Protein chains: 2
Amino acid sequence: METVGFDAKDDTVLEQLEVLVVIFSLRESRLKVLLKAQAGDLWALPGRPVRLSSSLEQAAAEELDCHTGVADAYLEQLYTYGDPERISGRRLISVAYFALIPADAPYTAGEAYGARWFAVDDLPPLAMDHAEIIAYALRRLRYKLEYSAVGFQLLPETFTLSEIQRTYEMILGEKIDKRNFRRRILAAGIIEPTPALRTGEGRPARLYRYRPDAVAEVKARRLFP
Amino acid sequence: METVGFDAKDDTVLEQLEVLVVIFSLRESRLKVLLKAQAGDLWALPGRPVRLSSSLEQAAAEELDCHTGVADAYLEQLYTYGDPERISGRRLISVAYFALIPADAPYTAGEAYGARWFAVDDLPPLAMDHAEIIAYALRRLRYKLEYSAVGFQLLPETFTLSEIQRTYEMILGEKIDKRNFRRRILAAGIIEPTPALRTGEGRPARLYRYRPDAVAEVKARRLFP
DNA sequence: GCAAAAGTGTTACAGTTACACCCATGG
DNA sequence: CCATGGGTGTAACTGTAACACTTTTGC
């Protein structure tokens, strides 16, 4: 074999290569993952082959966009799965990404193309090693939550302190003390109050906004509870 | 195109796929990386194509073995680089791994095939995006050092407390208090004393051994200074 | 006996946790 | 006026950081 030339608009794909995307979102007060129906009652992570002309991350972003309509979500490479045993009769390299989309992204957007949201603790039977991939993505998400500001990527533009706290509790699966949580998250300086209040049952709550300029991941570990 | 069948001993390779290995070791009291000479005064990370029949990690382990003679070193997948722009005229997906080999592995073993050790803070001109890959591997190594027992993979089977401390200082690039370091590392219970002493200049030092059974990465973060 | 590295505790400080009541609104 | 969720401070405790001298060996 020899080197393959290609031009910048080459639409052919590498046969043995795909990207997969583990798309997380908060839906109905639960952390959910978007899955596509497959033949044989199995579900699978959304994924696509990679064009010669596009980067891996672009391919993942396109797959994310076509399912959720969200183009600028948080997207991070997770791991590359490429063992010969993971699929019989064919070699397949899957570069897995994980994505976080805000809770206020249109619910039904994800349900085009036979896709559905499943709570991470209540998954259907999954194709290949996709269960393992989701488990790893979840571990990484929980882990990152503790030393970075990644949790805000799951929230709408503005949110109340209680909403952030519920988000953290939902992902980490444990209760957090309200006063300690507020003190810390405010001390970290990564959110700022807006003039607006959210009114609902009970006393109205101050709405806050995330400050992406704040250097969160740097230096300070375990920023949050 | 269509699906490619293959059998378990298929030696053909995927043309656009390679593994790269960032091999770290402590040499002459510095943290060094193994690089191979390339045409045009450039140096590159050791790497190889992936056979259809072998896993990515196997391929990385083989590349590591053939350069260092170490078959059971610490090996971890780092990141997959696959943007079209990283090499002109050809699409190349590089799955990068990083490896740690003990300081007492034979020095010259790495120097077969025109390879040489370079201190991480004094690297030669590098091919493609390999400088970026090394920088990322180093960041990850430093990071992991703080919440896992990965540092022991760079040490011989037995070592003195001062040797571990110097290892940490070398990688993190900062001084650590001797008494605090010892107290913590002993409290963590991940090393145990051996009957042996190491004699040299000054008072002989107790030799310790790493206890791989100790659950290090679990639960406790920031185990070390 | 002196140079060189090993070994050893205590105190001050900072950060974390635990904890309970009043406030503002809608119905 | 009451049910609902929002908002607030302090004290005990735990972990971390700073710090200097004695011990054992080889030369």
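Visitor: Which residue in β10(B) is the bridge partner of Phe159(B)?

Guide: This is a predicted model, in which local features need pLDDT of at least 70, side-chain atom pairs count only at pLDDT 80 or more, and totals for chains, interfaces and linings use all residues, while side-chain values use heavy atoms, without hydrogens or water. Residues are numbered from 1 along each chain as its sequence is written, with chains lettered from A and ligands numbered from 1 in the order in which they are written. Two bridges join the antiparallel strands β8(B) and β10(B), which meets the criterion for a strand pair (at least two DSSP bridges). In β10(B), the partner of Phe159(B) is Tyr208(B).

Visitor: Which strands of chain B stand at the edges of this sheet, each with a single partner strand?

Guide: Strands (E, at least two residues) and helices (H or I, at least four) are DSSP runs numbered from the N terminus. The open sheet of chain B has three strands in the order β8-β10-β9, paired antiparallel. One side of each edge strand is left without a neighbour in the sheet, because each has a single partner strand; these are β8 (158-159) and β9 (191-198) of chain B.

Visitor: How many of the nine residues of strand β6 of chain A are buried?

Guide: Buried means under 20% relative accessible area, exposed over 50%, and partly exposed in between (1.4 Å probe, protein chains only). In a regular strand, side chains alternate between the two faces of the sheet. In β6(A), Ile93(A), Val95(A), Tyr97(A), Ala99(A) and Ile101(A) on one side and Ser94(A), Ala96(A), Phe98(A) and Leu100(A) on the other are all buried. Strand β6 (residues 93-101) of chain A is therefore largely enclosed by the rest of the structure, the count of buried residues being nine of the nine.

Visitor: Which residue stands opposite Phe98(A) in β6(A)?

Guide: Strand β1 (residues 13-27) of chain A pairs with β6(A) in the parallel sense over nine bridges. Phe98(A) also belongs to an aromatic cluster with Phe24(A) and Tyr74(A). The residue opposite Phe98(A) is Val22(A).

Visitor: Which residue stands opposite Ser94(A) in β6(A)?

Guide: Strand β5 (residues 74-81) of chain A runs antiparallel to β6(A), and seven bridges join the two. Opposite Ser94(A) stands Tyr81(A).

Visitor: Are the rings of Tyr143(B) and Tyr147(B) stacked or edge-to-face?

Guide: Rings of Phe, Tyr and Trp (its six-membered ring) pair if their centres lie within 6.5 Å; planes under 30 degrees apart count as stacked, over 60 as edge-to-face and the rest as tilted. Both tyrosines lie in helix α2 (residues 130-147) of chain B, four residues apart, about one turn of the helix. Tyr143(B) is partly exposed at 23% relative accessibility, whereas Tyr147(B) is buried at 14%. Their ring centres are 5.7 Å apart and their planes at 75°, so the pair is edge-to-face.

Visitor: How many residues separate the partners of the pair Tyr168(B) and Phe181(B)?

Guide: This aromatic pair is edge-to-face, with 5.5 Å centre to centre and 65° between the planes. Both residues are buried. The pair links distant parts of the chain, from helix α3 (residues 161-172) to helix α4 of chain B, a separation of 13 residues.

Visitor: How many charged residues does the surface near DNA strand C have?

Guide: A residue is near a strand if one of its heavy atoms lies within 4 Å of it. Of the 20 residues that surround DNA strand C, the closest are Asn180(A), Arg184(A), Ser162(B), Lys178(B) and Arg206(B). Asp, Glu, Lys and Arg count as charged, Ala, Val, Leu, Ile, Met, Phe, Trp, Tyr, Cys and Pro as nonpolar, and the others, Gly among them, as polar. By these classes the surface has three nonpolar residues, five polar ones and, as charged residues, twelve.

Visitor: How far is a phosphate oxygen of DNA strand C from an N or O atom in the side chain of Arg184(A)?

Guide: A polar contact is a pair of N or O atoms within 3.5 Å; within protein, one must be able to donate a hydrogen and the other to accept it, and residues adjacent in sequence count only if both atoms are side-chain atoms. Bases of DNA strand C are also contacted: a base nitrogen is 3.2 Å from a side-chain N or O atom of Arg179(A), and a base oxygen is 3.1 Å from a polar side-chain atom of Arg183(B). For the phosphate oxygen and Arg184(A), the distance is 2.5 Å.
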